Amino acid sequence: MEKGPSFLFAGVSFDKKKFATDLARFKENKESENLADDFSFVEGEKTDPEKAMVSFVKKRKRKSIAGETVEGFNVFKSSKQLAPAVDKEKEKVEDGPSKAKKELNKQIERDAVFRKKYNIHVSGANVPSPLRTFAELSSRFGCESYLLRNLAEHGYKEPTPIQRQAIPVLLSDRECFACAPTGSGKTLAFLCPMLMKLRCASKDGIRAVILCPTRELATQTTRECKKLAKGNKFQIKLMKKELVRSTDLSKFSCDILISTPLRLRLAIRRKKIDLSRVEYLVLDEADKLFEVGNLLKHIDPVVKACSNPSIVRSLFSATLPDFVEELARSIMHDAVRVIVGRKNTASESIKQKLVFAGSEEGKLLALRQSFAESLNPPVLIFVQSKDRAKELYGELAFDDIRAGVIHSDLSQTQRENAVDDFRAGKTWVLIATDVIARGMDFKGVNCVINYDFPDSGAAYIHRIGRTGRAGRSGEAITLYTEDDIPFLRNIANLMKASGCEHPHELGNMSMSRNYVNILKHKAMGCYEFISICFTVTSCGKLLQITGVPYRSKSAAASTAL
DNA sequence: AAAAAAG
């Protein structure tokens, strides 16, 4: 049977130039460095003119725990004296005589040990002590009982590392940028201090704003916020179309407003929404929001509109490249930088795998085969574009798999339904673009498949971060074809950095090419299809080639080769 | 380059 050329089979093209600059921007990863560092991507080919940049962006020297200062971050040095510290314990000792001073020094030492234990790295002056328990929220910061009750009710027993450090920082009125792995509780880390700071509901204008890069994430954050605020009378509003249409925004007031950037920007420009009383601004997935060219120009007016001089701003993300820190530096004052683990690495609770799929056809067949062998829902499949998502959805619709699809060409209702159905287990497999790659928390996703190779290291980290959340384990499979090989090393390095055992030789391009040729040859000759996993031992020897014959139901499979 | 972000 003839099958016309399908878009899905047309392959994916990436902007190799963009990738090359990315590669150059990120530097060689040094094992010895115990402090969190930037992306550990490897430079491009030796002839790459951009290579010069790599040495140019040599790593900043950072002093270790004792001083906890960072060169090149002037923002941290311009520390105004600790603003009205809410931290009762610290207040006590700071005013006391020399005995109290000694006590303070001891405390600083204890904090350093504690941070080390939880892999928390901080920089900035007078960083507040990390949280030992949630109970400290009331002993140190006078947290109200409703919040502690809600925390307990939702099973938050012990704070995660990012929560331990970011919460006291924000409660001490310090601005903060925080980087912690996917699924490590960043949302609670900014919601909890926000609720405590606002104390109780008031009709006093808009008091807190949270910006999220996608509507889905904004919706999810709103829900989390409401859950946590239960029992208090806070007005928590999501900026939806209806809200914009039905309310006079110039007189609009609520305690917490959650929005996507563009919508809020338009509200400022056209509807004269008043943000001058905002006390608390959170940029979630900050690096996405600061993405050059697009979102960035929507963020700036929003940040400007929040003109309250005593505003506390914070940035959160699992990936925080240098340029975002530079930008942050330009808008923040007296900020504390909190990094959990190593900066820009994937979550360590995810088992990561690279699978060579030979070709575009091979990808689809590999997918079908792996589903036929074992489908362990829920499964998330990421593709590179909206059209690819539609195509793949079309392909799987003929199978007995309950698949859903989500991308930005769908209506808002369709998008909501796709997420809800997936959450409810009505669909087993969700095919998605990067819309839901960030921040979305689907309980129990145990497998993420990168059907199309991610277009950056950050995208990879966020995509696979949909699994292995809140201490659970997860699996991530990344399919690749020959076209992706130049970018393989990039991902392989991320895998390595997050403690994943991976064949080092995968990163060696010439070596990989040879393997690919062997595999292609074998596959053509012996099998109806290609789905080949190969394992390479640590010394670089090819251990096994496995190709499993596949009997396809569809015409595509038999004519594919 | 694509995706996402409005109306």
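In which sense do strands β2 and β7 pair, and over how many bridges?

Tutor: The structure is a predicted model, in which local features need pLDDT of at least 70 and side-chain atom pairs pLDDT 80 or more, whereas totals for chains, interfaces and linings use all residues. Residues are numbered from 1 along each chain as its sequence is written, chains are lettered from A and ligands numbered from 1 in the order in which they are written, and side-chain values use heavy atoms, without hydrogens or water.

Strand β2 (residues 176-179) pairs with β7 (residues 312-317) in the parallel sense, over four bridges. Strands here are DSSP runs of E with at least two residues, helices are runs of H or I with at least four, and both are numbered from the N terminus; two strands pair if DSSP finds at least two bridges between them. Cysteine 176 is placed opposite serine 314 of β7. β2 also runs parallel to β8 (residues 336-340), joined to it by four bridges, and there cysteine 179 faces isoleucine 339.

In a regular strand, side chains alternate between the two faces of the sheet. In β2, Cys176 and Ala178 point one way while Phe177 and Cys179 point the other, and all are buried. Buried means under 20% relative accessible area and exposed over 50%, with partly exposed in between (1.4 Å probe, protein chains only).

Helix α9 (residues 186-198) has 13 residues and reaches 19 Å from its first C-alpha to its last, close to the 18 Å expected; the expected span is 1.5 Å times one less than the number of residues. Because 11 of its 13 residues are buried, α9 is largely enclosed by the rest of the structure. Its buried residues include Leu188, Phe190, Cys192 and Met196. Arginine 199, which follows α9, has a positive phi, near 60°.

Glycine 499, with a positive phi near 80°, follows α20.

Helix α14 (residues 296-305) has His298, Ile299, Val302 and Val303 buried. Seen down the helix axis, these residues fall within an arc of 130°, so they line one face of α14; the arc is that of the directions from the helix axis to the C-beta atoms. Lys297 and Lys304 are exposed on the other side of α14.

A residue is near a strand if one of its heavy atoms lies within 4 Å of it. Of the 23 residues around DNA strand B, Arg215, Ser385, Lys386, Ser408 and Thr433 come nearest. Of the atoms of DNA strand B that come within 4 Å of the protein, 61% belong to sugar and phosphate. Helix α12 (residues 261-270) gives the most to this surface, with four residues. A side-chain N or O atom of arginine 215 is 2.6 Å from a phosphate oxygen of DNA strand B, and a polar side-chain atom of threonine 260 lies 2.8 Å from a phosphate oxygen. For glutamate 291, a polar side-chain atom lies 2.9 Å from a base nitrogen of DNA strand B.

Technical notes: A polar contact is a pair of N or O atoms within 3.5 Å; within protein, one must be able to donate a hydrogen and the other to accept it, and residues adjacent in sequence count only if both atoms are side-chain atoms.
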